[in-house]
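I am opening my notebook on this structure.

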Amino acid sequence: MSETKETREKELGEKAVIKVSEMDPRFKYEIRKIPGAEKIMLCFQCGTCTADCPIARFSDSYRPRKLMRMTQLGLKDRILSSDVIWLCAACFTCVDHCPQDVGIASIIRALRNLAVDEGFIPRVYKELGSCVLKTGYAYRIPELRHRKREEQGLPPLPKANVESIAKLSDVTGFSKLFEEKKVA
Amino acid sequence: MAELKYMLFLGCVIPYRISSYEISARKVAEKLGIELVEMPEFNCCGLPLDPVSHDMMLTLAARNLCLAEQQKLNIMTLCTGCAGTMRKVNMTLKEDKKLKEKVNGYLKETGLEFKGTIKVRHLIQMLAEDVGLERIKATVQKPLNPLKVAEHNGCHVLRPTKYIGFDDPENPTILKNLIELTGAKCLDYMDETECCGAPIIGVNDVIPLQLAREKLNHIMAVGAQALVTVCPFCHMMYDLHQSRIERAFNEKFGIPVLHYTQLLGLAMGFSPDELGFKELRVNATKLLDQLGS
């Protein structure tokens with residue numbers, strides 16, 4: 001992990017005093033419009049998500065409850081520039097256990113999408129994305145693998161329609177996200 | 001009984017590095033009289049790109065659904081991630097007219113339209129619900145009697161309950177029943193439904209190893225001789241990374257991690273070679289010797 005990550009994680013956790021100027025009261029409304037994130041306002045901070053989160057047990061910084069509160073408070077810049085939002089493993093335990101049906105994992109996905117819009121994208125997602133655009137597959141399947149399939153009696157892998165994927169990438173705005181983005 | 005014919009969605013992880021799952025799954029499917037049709041074209045289910053762009057994920061998943069709709073076939077996947085994603089998208093687009101219009105607007109560019117006419121099945125759902133335990137049991141020729149194993153379902157085959165609606169995510173029993181029909185005993189252990197951690201290994205390689213180590217410790221504590229998985233990503237975490245976990249924590253596990261289809265294949269009488277056992281990182285020879293396979 002990079003040093004910047006450590007710094008950011010600390011920042012998210014240790015700055016106890018929040019300045020009013022840091023808060024964007026419109027942020028929660030912005031989030032609420034995103035499919036899957038409609039129920040952000042329903043979080044009443046019971047902490048079931050954090051208590052049941054497998055990642056939170058081993059991380060000093062990843063706390064879904066805290067992220068929900070920060071989102072409600074509108075601490076947009078702190079959240080979107082933080083690497084902490086990238087630690088959710090999407091196991092959906094919080095989604096199943098939340099008494100308010102907040103849909104925490106979808107809200108974290110929405111936060112990630114917004115972070116990417118702002119230019120923060122972990123290198124691994126850049127790689128996965130460009131591989132899907134180039135080959136249809138999320139990983140580059142080496143030539144050796146293709147040959148081995150034949151030896152193993154497996155049928156050839158279905159090919160991707162790269163032109164179609166490129167078109168879909170353009171119309172969904174995905175392509176644009178990959179242009180001149182800095183790596184978080 | 002409905003015809004057992006599916007479009008096989010391989011996903012990306014299996015062709016990339018977990019061929020043993022595909023090899024054994026094809027063998028087992030053939031034995032059960034399941035016909036698997038190859039995808040005419042392929043693209044990733046969309047799951048890995050959801051964090052970057054939700055719209056792109058929806059569109060990629062929907063595109064695969066459209067390709068299966070054209071051939072009037074249900075999709076069967078071996079990967080829980082692909083199954084969970086495509087099930088969720090299939091259901092959401094069927095229910096949310098506005099979202100369906102939006103996604104169809106994108107798909108129109110490539111001459112496709114999502115209609116919502118097919119189903120998405122994960123391997124174990126197909127086995128339990130479409131094939132049926134009795135029919136599978138009838139194919140067992142070499143019961144794996146003395147063997148004691150533990151299961152790991154993988155999150156996306158169970159959760160979120162709202163979209164998946166399969167088994168009880170708090171106390172899953174279907175995979176256990178599928179395991180026990182082979183004659184092997186499936187042991188209970190602590191935190192059975194806990195995530196393997198693999199999805200974040202690209203951004204943090206410490207936490208997933210800690211999670212996987214904990215699971216290996218829990219299954220060792222109850223005396224399981226192997227871990228049985230139904231997801232290539234989970235498998236990678238416990239098999240491929242097991243030696244790395246051993247080094248990082250200075251512990252010794254040596255627990256073979258088998259795909260369910262390998263376990264069932266052995267019980268059907270296939271040889272370990274036919275089921276891709278050579279591809280496993282953690283050596284399963286001791287276990288196979290004990291079974292006389």
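**Where chain A meets chain B**

I looked for salt bridges first. I counted six across the interface of chain A and chain B, a salt bridge being a side-chain nitrogen of Lys or Arg within 4 Å of a carboxyl oxygen of Asp or Glu. I noted one pair: Arg57(A) with Glu214(B), whose closest N and O atoms are 2.6 Å apart.

A note on the source: this is a predicted model, where local features need pLDDT of at least 70, side-chain atom pairs count only at pLDDT 80 or more, and totals for chains, interfaces and linings use all residues. Residues are numbered from 1 along each chain as its sequence is written, chains are lettered from A and ligands numbered from 1 in the order in which they are written, and side-chain values use heavy atoms, with hydrogens and water left out.

I then looked up polar contacts. The rule finds 18 such residue pairs across the interface of chain A and chain B, both residues at pLDDT 80 or more. A polar contact is a pair of N or O atoms within 3.5 Å; within protein, one must be able to donate a hydrogen and the other to accept it, and residues adjacent in sequence count only if both atoms are side-chain atoms.

Which helices of chain A supply at least two residues each to the side that touches chain B? I listed helix 4 (54-58), helix 7 (93-97), helix 8 (104-117), helix 9 (123-135), helix 10 (143-151), helix 11 (162-171) and helix 12 (174-177). Helices (H or I, at least four residues) and strands (E, at least two) are DSSP runs, numbered from the N terminus.

How many residues are in contact? I found 59 of chain A against 58 of chain B, contact meaning heavy atoms within 4.5 Å. The area buried between the two chains is about 5100 Å², and carbon and sulfur atoms give 67% of that. Buried area is the accessible area (1.4 Å probe) that two parts lose on being put together, summed over both. Phe58(A), Tyr139(A) and Leu168(A) supply 13% of what chain A buries against chain B, more than any other three residues.

I found five cavities of 30 Å³ or more.

Cys43(A), Cys46(A), Cys49(A), Cys98(A) and Ile104(A) lie nearest its centre, among 14 lining residues. Helix 3 (48-52) and helix 5 (64-73) of chain A give two or more residues to this lining.

My terms: on a 1 Å grid over the protein atoms alone, a cavity is a set of points where a 1.4 Å probe fits but cannot get out, and lining residues have an atom within 4 Å of a point. Grid points are joined across faces, edges and corners, and a volume is the space filled by probe spheres set on the points.

**Backbone notes**

The peptide bond from Arg159(B) to Pro160(B) is cis, with omega near -5°. Phe92(A), a residue other than glycine, has a positive phi near 65°.

Conventions. On a 1 Å grid over the protein atoms alone, a cavity is a set of points where a 1.4 Å probe fits but cannot get out, and a pocket is an open set with protein on both sides within 12 Å along at least five of seven lines; lining residues have an atom within 4 Å of a point.
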